[in-house]
Amino acid sequence: MTIRVLIADDQMMVREGFSVLLNAMPDIEVVGEAVNGREAVDRVRELTPDVVLMDIRMPELNGIEATREIVAADGSAKVLVLTTFDLDEYVYQALRAGASGFLLKDASARQLADGVRVVAAGEALLAPSVTRRLITEFSKLSDTPRLSPTAQAAYGDLTERETEVLVLIAQGLSNLEIAGRLVVAESTIKTHVSRILVKLGLRDRTQAAVFAYEARLVTPG
């Protein structure tokens with residue numbers, strides 16, 4: 001299966017550079033480019049890519065709003081945010097909007113390709129330590145939204161074990177690591193994760209981690 005990628009960035013050199021790197025991979029194909037957020041939304045509708053590499057700061061429609069529209073309109077396209085530095089409040093907002101992870105723009109060709117593959121596979125949580133640090137940093141902000149009444153009700157539907165698994169997801173543990181921590185089979189953890197995502201109406205582990213922090217299940221540190 002070839003992973004279809006759309007690159008959205010207002011800098012031509014970035015688009016061309018990433019296209020060359022990704023098209024050199026046997027399992028990845030760049031199917032299109034966009035120069036702003038509005039065009040990115042339109043191109044996703046037209047080309048149905050598996051992964052969108054999304055710059056945050058773009059004209060007409062920024063990457064955060066574009067991500068929100070893409071996630072709302074298309075259940076299959078995964079958004080991978082591009083940023084110049086990891087502790088970026090806009091990245092946190094993009095994760096809340098539905099992005100599945102983020103990469104630094106100076107990532108190596110291998111990191112870029114691996115990131116696309118991880119997101120396409122639905123594993124979503126890229127660089128757990130960095131993503132966790134980002135979420136932790138910005139969940140400290142006083143204006144960070146708390147859970148909505150709907151989200152609170154959904155959280156109340158989780159079992160005790162599902163809540164425990166959710167906390168470990170937010171701490172950056174993989175399914176295998178969670179299974180070891182709880183002394184159960186990895187397949188059992190996969191089932192728990194699937195049920196958590198369905199009950200909370202979330203797309204992937206990244207959104208689950210954000211949810212756990214905003215629900216104050218994990219204390220920022």
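A: In this predicted model, helix 9 passes helix 10 in a right-handed crossing (the near helix is turned clockwise from the far one by less than a right angle). Helix 9 covers residues 175–182 and helix 10 covers residues 186–200; their axes, fitted to C-alpha atoms, come within 8 Å and cross at roughly 110 degrees. The two helices are therefore roughly perpendicular to each other (65 to 115 degrees). On the side of helix 9, the meeting residues are Asn175, Leu176, Ile178, Ala179 and Leu182, and helix 10 supplies Glu186, Ile189, Lys190 and Val193 (contact means heavy atoms within 4.5 Å). By class, this contact of helix 9 with helix 10 holds six nonpolar, one polar and two charged residues.

Residues are numbered from 1 along each chain as its sequence is written. Local features need pLDDT of at least 70, side-chain atom pairs count only at pLDDT 80 or more, totals for chains, interfaces and linings use all residues, and side-chain values use heavy atoms, without hydrogens and water.

Helix 8, residues 160–170, is mostly covered, with eight of its 11 residues buried (under 20% relative accessible area, 1.4 Å probe). Those buried residues are Glu162, Thr163, Val165, Leu166, Val167, Leu168, Ile169 and Ala170. Gly172 follows helix 8 and has a positive phi, near 90 degrees.

Helix 11, residues 205–214, is likewise mostly covered, and 10 of its 10 residues are buried. Among them are the charged residues Arg205 and Glu214, together with Val210, Phe211 and Tyr213. At the start of helix 11, the backbone nitrogen of Gln207 has a side-chain oxygen of Asp204 within 3.2 Å. Just after helix 11, Arg216 takes a positive phi of about 60 degrees.

Elsewhere in the chain, Asp55 lies in strand 3, residues 51–55. Asp55 is buried, its relative accessible area being 6%. The side chains of Asp55 and Lys105 are joined by a polar contact of 3.3 Å (N or O atoms within 3.5 Å). Leaving aside residues up to four places away in sequence, Asp55 touches Ala8, Asp9, Asp10, Gly63, Leu82 and Lys105.

For the protein as a whole, the secondary structure comes to 11 helices and five strands (DSSP runs of at least four and at least two residues, respectively). Of the 221 residues in the protein, 52% are buried. Among contacts between residues at least 6 apart in sequence, 68% join residues at least 24 apart.

Notes:
Buried < 20%, exposed > 50% of the residue type's maximum accessible area, 1.4 Å probe, protein only. Axes fitted to C-alpha atoms, helices over the stretch in contact; angles between N-to-C directions. Parallel < 35°, antiparallel > 145°, perpendicular 65-115°, else oblique. Polar contact = N/O pair within 3.5 Å; in protein donor to acceptor, adjacent residues only side chain to side chain.
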